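This report covers selected contacts, charges and surface patches of one protein model. The sequence and structure come first.

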Amino acid sequence: MKKMIHVTLAAFGLLLITSTSVVAKESIASLRGTEDLQGNSVKTGKKKVVSQEGGFERSYKQQPPMTPHKTDKYKISLKSNGCLKCHSKKNHKKEKAPMLGESHFLTRDGKKLEKVSSRRYFCTQCHATQVDANPLVKNEFEGLK
Ligand code: HEC
Ligand code: HEC
């Protein structure tokens, strides 16, 4: 009896192994394609940041607008914030730049501050520059008009 159980288990195990390997071969495709997992990736070319006069259209009301200009010269550190040289309440008129959104002056409890809230200090966390590149995967997202 014991021997029979062993034989049955072994046969079942074999079946399981063969069936999973067939599945793996047929239906799991990686975005990496046939690229070797251990190999080095190909260095991508440097893409030019797109500047867009008037800014990029937003896809929905609360979207952080995308940055329509180069930003590699503007550093953000604990001591200074290059973006505020143009976008702060104080400088935006002189620099003809849009001022930070109202929400940037609120604490998490909704209290209004004079200076930008620490929650909104690291601008590039939400505002990203854009390059003229083809999407990696097809995307049919359509923004609200
Ligand atoms: C030298 C001045 C200057 C600096 C510094 C600067 N910007 Fe700007 N920014 C502008 C101007 C001017 C515009 C408006 C461009 C237009 O609409 O044609 C703008 C537009 C934007 C917008 C689009 C706003 C909207 O409503 O569409 C975002 C987002 C933005 N900047 C983010 C940043 C971030 C993040 C940094 C720092 C990494 C930064 N900017 C630094 C001048 C500046
Ligand atoms: C946590 C995400 C977040 C961070 C960090 C952030 N923003 Fe924004 N920003 C937003 C969102 C969301 C909006 C759109 C809603 C609004 O205006 O408040 C916006 C709007 C703006 C606008 C357009 C305002 C308008 O009236 O059209 C400018 C300019 C801007 N941000 C600049 C900045 C700069 C400069 C910094 C850094 C000091 C910054 N933001 C940090 C999320 C963020």
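The side chain of Asn81 reaches the backbone nitrogen of Cys83 at 2.9 Å, a polar contact in the sense of a pair of N or O atoms within 3.5 Å, where within protein one must be able to donate a hydrogen and the other to accept it, and residues adjacent in sequence count only if both atoms are side-chain atoms. Asn81 is placed in the loop between H1 and H2; helices here are DSSP runs (H or I) of at least four residues, numbered from the N terminus. Asn81 counts as buried because its relative accessibility is 7%. Buried stands for under 20% relative accessible area, exposed for over 50%, and partly exposed for values in between (1.4 Å probe, protein chains only).

The model is predicted: local features need pLDDT of at least 70, side-chain atom pairs count only at pLDDT 80 or more, and totals for chains, interfaces and linings use all residues, while side-chain values use heavy atoms, with hydrogens and water left out. Residues are numbered from 1 along each chain as its sequence is written, and chains are lettered from A and ligands numbered from 1 in the order in which they are written.

Val50 is also found in the loop between H1 and H2. With 25% relative accessibility, Val50 counts as partly exposed. Its C-alpha atom is separated by 6.7 Å from that of His69, 19 residues apart along the chain.

Salt bridges are the next topic. The structure holds 2 of them, each defined as a side-chain nitrogen of Lys or Arg within 4 Å of a carboxyl oxygen of Asp or Glu.

| Lys112 | Glu102 | 3.3 Å |

Lys112 and Glu102 form a salt bridge; both residues lie in the segment after H2, 10 residues apart, and the pair links distant parts of the chain. Lys112 is exposed, with a relative accessible area of 54%. Lys138 also lies in the segment after H2 and is exposed at 74% relative accessibility.

Which residues gather in a patch of positive charge on the surface? They are Lys46, Lys48, Lys70 and Lys73. Patches consist of residues with over 30% relative accessible area and no salt bridge, like charges being joined within 9 Å and nonpolar side chains (Val, Leu, Ile, Met, Phe, Trp, Tyr) within 5 Å. Lys and Arg count as positive and Asp and Glu as negative, with His and the chain ends not counted. Lys48 is exposed, with a relative accessible area of 73%.

A nonpolar surface patch is formed by Leu31, Leu136 and Val137, with about 420 Å² of accessible area together; accessible areas come from the Shrake-Rupley method with a 1.4 Å probe, and for residues only the protein chains shown count as cover. Leu31 is in the loop between H1 and H2 and counts as exposed at 82% relative accessibility.

One backbone angle remains. Lys96 has a positive phi of about 50 degrees although it is not a glycine. Lys96 lies in the segment after H2 and is exposed, with a relative accessible area of 78%.

Note on methods: Charge placed at Lys NZ, Arg CZ, Asp CG, Glu CD. Helix = DSSP H or I, 4+ residues; strand = E, 2+ residues; numbered from the N terminus.
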